Amino acid sequence: MANNGNGLTDSFSPWQGEDLDQALQNFGAIQEDLNYQQAQKSLRDVVKNLDLNPREQKGLETELEYLSELLEKLDQAEVQIAAFGMVGRGKSSVLNGLLGENVFEAGPVHGVTRVAHAVAWNLELSHQGRSQQVTLSGWGNAQVKLIDTPGIDEVHGEEREALAKQIARQTDLILFVVSGDISQVEYRALSQLREVGKPMVLVFNKIDQYPEADRQLIYEKICDERVKDLLSPEEIVMVAAHPLVSEAVKTSSGELHRRQYRGQPQVADLTLKILEILQREGKSLVALNALLGADTVHEKVIEQKMRLREAIANRIIQRAVFSKCAAIALNPVTALDLLTGAVIDVAMILSLSRLYHIPMTQQTAIMLLQKIGVSMGGISASEFLASLGLSSLKGLLGLSIPVTGGLALGPYLSIAIAQGSVAGVAGYAIGQVSKQYLANGAAWGPDGPKTVVTQILASLDEASLLVRLKTELRARLSLAVMAQTDSPRPLE
């Protein structure tokens with residue numbers, strides 16, 4: 001038994017040396033699995049809760065397909081590794097070396113790789129002509145895809161740059177291939193890809209073309225000067241993806257001739273580096289990249305959905321406002337004025353709730369209207385007083401029209417227009433508040449209803465709205481009067 005320094009002895013110490021390291025590794029693997037499962041659930045919830053009707057899906061086909069691809073990628077535990085580089089640096093040859101066969105088309109001329117091309121990699125580690133299958137511990141049936149991209153200095157640079165950024169955002173690991181000291185074009189591209197925030201390996205290819213001393217000098221120059229602020233030496237690997245082997249061959253006559261041929265790819269160090277990265281943080285990378293990609297697309301989808309719904313919501317509010325204006329203006333009975341306005345407001349709220357797919361009954365719509373009315377304060381109070389006072393006066397003038405031979409019609413309509421317009425301003429405010437509340441998922445947000453209402457009221461141009469409503473209402477009432485009289489007179 002061991003003394004613990006306090007005069008006591010420990011009869012059992014379970015966590016010692018390698019046991020503790022193994023326990024920490026197991027804990028990390030469990031946590032990574034939990035994070036991965038949480039990412040899958042989150043992405044499924046995003047796709048499930050998009051809540052788009054056919055009209056809203058129009059124009060978003062690419063984004064919706066991308067979300068489905070991300071979910072499929074998580075479900076299949078697919079890792080994507082993309083190679084970037086200038087023409088002639090050997091991108092395709094590096095990928096072919098990893099694969100152990102010539103799948104990607106390689107060549108020194110522009111345009112050989114015209115579009116991104118992906119191939120599954122069976123994770124074979126080749127060394128001295130022998131291949132060994134390797135697996136990622138804890139990944140199950142993980143799929144690794146290698147993606148070849150067009151050269152960063154290809155023709156139509158803007159299109160290539162956009163494609164490179166798109167691929168970089170979607171991929172999980174970036175291989176940037178050079179074949180010597182880095183040019184300014186390569187440094188700019190490397191910097192842009194680094195901003196994407198993905199793990200990156202700088203692949204120094206074609207080392208077979210340099211004497212060992214020169215090769216080491218170039219490597220040190222790249223590490224210590226060129227990419228010092230972008231990459232660490234551990235992120236730089238030297239390979240010879242398509243080495244040219246030269247050897248002396250003696251002919252039958254005894255003469256020596258130099259024979260050159262392509263040897264086996266020397267990419268074992270790169271394979272090990274990729275496996276190290278994937279084993280250390282691959283699952284977290286895939287999960288994080290999927291969620292980041294989904295978040296970007298999801299924002300665009302929601303933005304378009306809300307933009308379309310807001311346009312429809314504004315038309316609903318506009319129709320309700322003018323209906324409320326006209327109904328109150330033409331109704332001579334005071335009590336019915338207020339009731340009619342409330343009925344139209346409730347109908348408007350119910351229409352908005354259906355638009356935003358928020359279940360709502362007539363009773364809950366009335367409760368929402370009451371809460372908005374209390375929070376609106378000044379406008380709702382002015383609406384009530386205006387409706388009460390103007391409605392009474394309008395009623396008296398309405399009764400006197402037959403007695404005065406129609407002379408009271410002008411003042412009657414003027415008061416009706418004023419009363420209807422005041423009610424319309426309040427109805428418009430109620431509609432805008434209801435729209436924001438429902439668009440927010442039937443929630444007021446952290447600041448509560450009073451703040452939301454205050455912000456909306458502060459943004460309203462009441463004077464301009466009142467003039468517009470009066471103009472519209474005057475035109476509508478003029479048509480109504482002309483339809484009821486043989487000789488219509490102009491309104492005062």
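The model is predicted, and local features need pLDDT of at least 70, side-chain atom pairs count only at pLDDT 80 or more, and totals for chains, interfaces and linings use all residues. Residues are numbered from 1 along each chain as its sequence is written, and side-chain values use heavy atoms, with hydrogens and water left out.

Student: Leaving aside neighbours within four places in sequence, which residues is leucine 270 in contact with?
Tutor: Leu270 is itself among the residues with the most contacts inside the largest core. Once its neighbours within four places in sequence are left aside, its contacts are Val94, Leu98, Leu175, Val201, Val203, Val237 and Val239.

Student: Why do the buried residues of α7 line one face of the helix?
Tutor: Helices (H or I, at least four residues) and strands (E, at least two) are DSSP runs, numbered from the N terminus, and in α7 the buried residues are Ile218, Tyr219, Ile222 and Cys223. An α-helix has 3.6 residues a turn, so residues three or four places apart point the same way. Seen down the axis of α7, with directions taken from the helix axis to the C-beta atoms, its buried residues line one face because they fall within an arc of 125 degrees.

Student: Which strands do the buried residues of α7 pack against?
Tutor: On the other side of the helix, Ala213, Leu217, Asp224 and Glu225 are exposed. The buried residues of α7, by contrast, pack against β9 (200–204) and β10 (236–238).

Student: With which side chain does the side chain of arginine 89 make a polar contact?
Tutor: Arg89 is placed in the loop between β3 (78–85) and α4 (91–99). A polar contact is a pair of N or O atoms within 3.5 Å; within protein, one must be able to donate a hydrogen and the other to accept it, and residues adjacent in sequence count only if both atoms are side-chain atoms. At 2.9 Å, the partner is the side chain of glutamate 186.

Definitions and conventions: A nonpolar core is a set of buried Ala, Val, Leu, Ile, Met, Phe, Trp, Tyr and Cys residues joined through side-chain atoms within 4.5 Å. Buried means under 20% relative accessible area, exposed over 50%, partly exposed in between (1.4 Å probe, protein chains only). Contact means heavy atoms within 4.5 Å.
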